[in-house]
Amino acid sequence: MNVIKLLNQSAALSDTPSNVGSGTKILVQHDHNGGPAHLVTLKNAAGTTLGSFLCSPTHDYIIDKEPTDTLEVADGITDISVTSVSHMG
């Protein structure tokens, strides 16, 4: 079993870059009724893209990032949620 500690409330990810409360481990979830996979992009504080992935509605992901790095999705995407967490084991 994978145990995580929640560090803040879940919030919708949008096209506005978010550092998710300066968290370093971010739980990314797709509303399972939300439709197709969406591209989630990780950028550094300068706005340079560090990476991206397709967030599927059938999986949850934990992203490891720096406190100043940001996550975002395309305009109009409303079914991706993020929460800062810490890994407990």
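Thr49 sits in strand S5. The model is predicted. This briefing covers Thr49, the hairpin that S5 forms with S4, and His30 in strand S3.

**Thr49**
- Thr49 is partly exposed, with a relative accessible area of 46%.
- Beyond its neighbours within four places in sequence, Thr49 contacts Thr41, Leu42 and Lys43.
- Thr49 and Leu71 are 22 residues apart along the chain. Their C-alpha atoms are 9.7 Å apart.

- Strand S4 spans residues 38–43, and strand S5 spans residues 49–55.
- The two strands pair in the antiparallel sense, over 6 bridges.
- Val40 faces Phe53 of S5 across the pairing.
- The hairpin has 5 residues between S4 and S5. Gly47 lies in the turn and has a positive phi of about 90°.
- In a regular strand, side chains alternate between the two faces of the sheet.

**His30**
- His30 belongs to strand S3, residues 25–30.
- His30 is buried: its relative accessible area is 2%. The label applies because buried means under 20%.
- A polar atom of the His30 side chain lies 2.8 Å from the backbone oxygen of Pro36.
- Not counting residues up to four places away in sequence, His30 touches Gly35, Pro36, Ala37, His38, Cys55, Ser56, Pro57, Asp79 and Ile80.

Conventions
Residues numbered from 1 in each chain as written. Predicted model: local features only at pLDDT ≥ 70, side-chain atom pairs only at ≥ 80, totals over all residues. Heavy atoms only, no water. Helix = DSSP H or I, 4+ residues; strand = E, 2+ residues; numbered from the N terminus. Buried < 20%, exposed > 50% of the residue type's maximum accessible area, 1.4 Å probe, protein only. Polar contact = N/O pair within 3.5 Å; in protein donor to acceptor, adjacent residues only side chain to side chain. Contact = heavy atoms within 4.5 Å. Pairing = 2+ DSSP bridges.
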